Amino acid sequence: MEPIQDPIPIVLIDMAGFSQQNRDTKIDHLKRLQQGIRESIQPMIGFADPDQVIRRHGTGDGYYLFLKGYPIPVAMRFAWNLEQFLHEDKIRHPGEEPLRLRVGLTLGDVGLVGDQYLGDALTRAQRLIDHDWIKELLKENRDDPLVLVASAFFWNQWNHHPQKSNANLAFPEDRPWIEETLLVKHGDAIACRIQIESKTFSRIKGELPPSLFEPQPQDLTPWLQSLRDRTQYIKISGIGSGGGRGKLANLYPIEKLFTTLKTREGQRLENISGPDAMPDRMSEVNLADLLPRYPHLFIEGEPGAGKTTFLHLAAATLAKDLLNEPCPDGATWRNRYLGMDDQEPFIPLFLKLSELATLLTDQKIGAKADDRYRLLDLLQTTPDASMDQAWRDHWEQQLKAGRVILLLDGLDEVADDAVRERVFSIFQNAKNQWTKSRIIVTSRPFGAERLEEIGFHRAVIAPFDANATQIFIARWSAAIYATGEQPEGEAHQHAQKLEAAILSSHAIRLLAANPVMLTCLCVVHWNEGGLPEGRARVYKAVIRWLLHAREALRKEHGYTSRYALEAFAAIALTMMGKEVVKKAIFDLEEAAQVALPLYQRHFPTSPPPGLPQVRDWVRFESLYSGILGEPSRTRIRFWHLTFQEYLAAQELAWRSEDDWWQVIEKQLINAQWRETVNLLPGVLFDEGGKRRVDEFLSRVLIKYAGTTLVDAARQAGILGRILEPMKAYQYQPDPGSHRQYMNVLHRATAIFTVEGAEKVPVSERLLAAGALGQGGDARLAEDQCRKNMIPVPGTDICLGKYLVTVMEYQRFIEDGGYATPDFWQEEQGWIFRQEKGWSEPDEWPGQLNHPNRPVVGVSWYEAWAYCHWLHNKRGIPFYLPEEKDWERAASPDGRTYPWGNEKPTPELANFDQSKIGAPSPVGLYPTGNSLYGHCDLAGNVWEWSACPWEEGGVKDEHIKKFGPPKVVRGGSWDDPDFYLRADHRLVSVAGNREGVLGFRLAAPASLGL
């Protein structure tokens, strides 16, 4: 067989009734047709011979045109020119039988066997133009001498062709086209476009008897039962080591355990509309509420956020309704659990995109177009599917009629870039062709831009807040004790204990914001009879459970959980950076290189395994472990930064004292290593008992053995960080070390009291406070948040005792604060962040050297983003203070300055006469505190307020460039004493970032913190 080209535009022309004409009429028609073809094709092929591209069909009824070397639009323009010729031919030959044609356009392989051209594309075109409806169109529509039919593959390729709009090739945009699927012999369904008015086609279609090839109704019951069985339970691995009547159960009805997922949706300002309208506020919306609003929905969420579980819930409940299973309370399953009204339920079609990727790369299936039919191919691989063409045709009908909701899970699991692009093409085609059916796609944060381009609405799953956590715990307790809807008796007591264990610790509560991590904590609590004491032990138990949950899957792929743990720890320590900056995101290739020696040790072969095998392992763990994640195709990160920090500590604890100390002694005052240093004592204790923690204390005492206040402060900070987490382990240092710690702690913290500050010059206090911050300022620990919010009498707020510090703001950065749009709700905050490329405050690396100084170089937008982040984490509203409330704290009785009416001095505040020339550690001036105990209300740094500046005086172009003007209060280290007055006001535009500008938190006085 001689190949011509693949693919090439193919035109199949069939003359209506040609073979039934007499000989003279045939000759006349043939001559006229040949002339028309030449005239119609010549403008597009230049000086080429038209006869070289025209081939005679064997029956004599038609022609093939193989447009080798010419683009797809040439075929489309040729069809248009041919129609014009037919109109003109009718005028030139009045009274004679007019030329009337059926023309099919397609693409594909063509081969010559003897004198006959063969190919699937030719067969497809022949079936299109031979269809009863196409023949009838030409017979009924006497004024139109041509019916043009384009296969779906041809249409899609032409529609995206760069020369589509070429003036010399373009097909008229106003010509009507309809989309149709033609059922032909052998059970095939061919999708196409027909150039005809919709109402004309509908009339003719309705007048014709049913096609012989119409599919018969299919019984989907077995398939729906199989889908229900696959999706109606949540499987919890790892339950069994603890006591209780639920210890052997690990399957729970999905509707009993599932907790409502929420997303954030913007609400438009009522007085603004059009393309420039900005979201006013982001409000939480139940994810299910988006189903009727958005027919094409992209659900994005972090690993374990509940994406797949939500699709399972939708599939299971809809299947139960279609199977007529009664819902317990008399409602429909879809109404009770999805909030859908009681109209006829959608048919759920749940498919895993990882399996679609496998199908697309399967060499056995042959070359096919990447269109919606690929999804039907995948459908037929699901349990209890039928391979009959009639079953497939039935699904096609239901999809076209809008009866189906496509649930496509795991776009992020399509690893290959080229395959992923093919999947996007399938989505595009399915959306364009199955216009009435709904499509939901889920993925980790990946692919949003491409799907939004296609026309999907993006919904990002919000983390669980305290209320959602409590609901989940109640449902968990009721399910595991099998008490019904709500926990009762023993189950209720279990729920109370579990809730207290999770919500009482801020660090644990952060983990619980993710449904999978919350489930993990619940399992650990069940198996251990409570959460372990000590955060290091909690993280150890969580990681152990996550490893166990995927142990069988690892075994299938030839991996082990022990290797995973050791490799994770080695990667984590490398990412912490010994001589360079800590990395939260790591190059996948670097991770593979770190893990390679361990891989060769755990899986020895001949020849030894190399980087390709380790890369495959990294990608596997990124998809399935819940410990490692993959923010992009070439980079990895730990699911939560705490995992990285804990595993780095674990890697150090596996080493000898000299080895781990050589690493850690250089990082004791490194702000980026703070959490790893805090976790290391607990890990050391579990690996080797109190002796190893004693060794840690001893080495710190030797390293900072000086007698200065600075040495004492640094010792106090570091020793406090070591001893604080060890309370949970009932560890007691030897008496000598304990006495030394208490002595240096008393000396160091006394500088923040009025009595202590009077005994130490401010210059020495400054150095000591800085050293304390580098070691670990206990005043600013996360568990001090409540203590550090002081009520302001006469207002309804609490105001932060201290300005927000560098070490506090660092938590916001490391928790993805600059990458999460939901935190940037104020005015144009997210737009500013994107335009300016902000990923941290101005001069951030230098600020990290001073953890207990106020953070500066943050705009008004960044200050508000921090407030929203903290609200999200703690479940309590935080915000910037109104200036009236701020002034009430600074001057409750009309005093000039927060401390009274005495003019500022270097012992009262940090201002220009203090000669410090930079921000100072918070609380360094206790004699300058306000009446209620707030520090640094005058001097140190200016403070953003929530209030707009309404006095004027700011140029419009300045506002347009940097945002609206806002009120700032308090004065700074760079200002004269006049600016420190409690009633002094200044203006700064919202996008301004300066080294003299920070912020302080406010919260409702009525809420417990």
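You are looking at a predicted model, so local features need pLDDT of at least 70 and side-chain atom pairs count only at pLDDT 80 or more, while totals for chains, interfaces and linings use all residues. Residues are numbered from 1 along each chain as its sequence is written, and side-chain values use heavy atoms, with hydrogens and water left out.

**Stop 1**

Helices (H or I, at least four residues) and strands (E, at least two) are DSSP runs numbered from the N terminus, and two strands pair if DSSP finds at least two bridges between them. Strand 23 is joined to strand 24 (residues 797-800) by 3 bridges, and I790 stands opposite L799 in strand 24.

**Stop 2**

Now show the open sheet of 4 strands in the order 27-26-25-28, where the pairing is mixed. Its edge strands, strand 27 (985-989) and strand 28 (997-998), each pair on one side only. Strand 25 (residues 942-948) and strand 26 (residues 965-969) run antiparallel and are joined by 3 bridges; pick W944 and you will find its bridge partner, V968, in strand 26. Helix 37 (residues 883-890) lies across strand 25, strand 26 and strand 27, at about 10 degrees to strand 26.

**Stop 1: helix 30**

Select residues 735-749 for helix 30, whose 15 residues reach 21 Å from first C-alpha to last, close to the 21 Å expected at 1.5 Å a residue (1.5 Å times one less than the number of residues). Which of its residues are buried? They are S737, Y741, V744 and A748; buried means under 20% relative accessible area, exposed over 50%, partly exposed in between (1.4 Å probe, protein chains only). Look down the axis of helix 30: the buried residues fall within an arc of 75 degrees, so they line one face. That arc is taken from the directions from the helix axis to the C-beta atoms. On the other side of helix 30, P735, R739, N743 and H746 are exposed. The buried residues pack against helix 28 (690-703), helix 29 (709-726) and helix 32 (762-775).

**Stop 2: the cores**

The largest nonpolar core has 171 residues, and W617 and F696 have the most contacts inside it. Such a core is a set of buried Ala, Val, Leu, Ile, Met, Phe, Trp, Tyr and Cys residues joined through side-chain atoms within 4.5 Å. Helix 22 (residues 561-576) gives the most to this core, with 11 residues. A second, separate core of 49 residues includes V806, Y866, L880 and A990.

Key. Contact means heavy atoms within 4.5 Å. Axes are lines fitted to C-alpha atoms, for helices over the stretch in contact, and angles run from 0 to 180 degrees between N-to-C directions.
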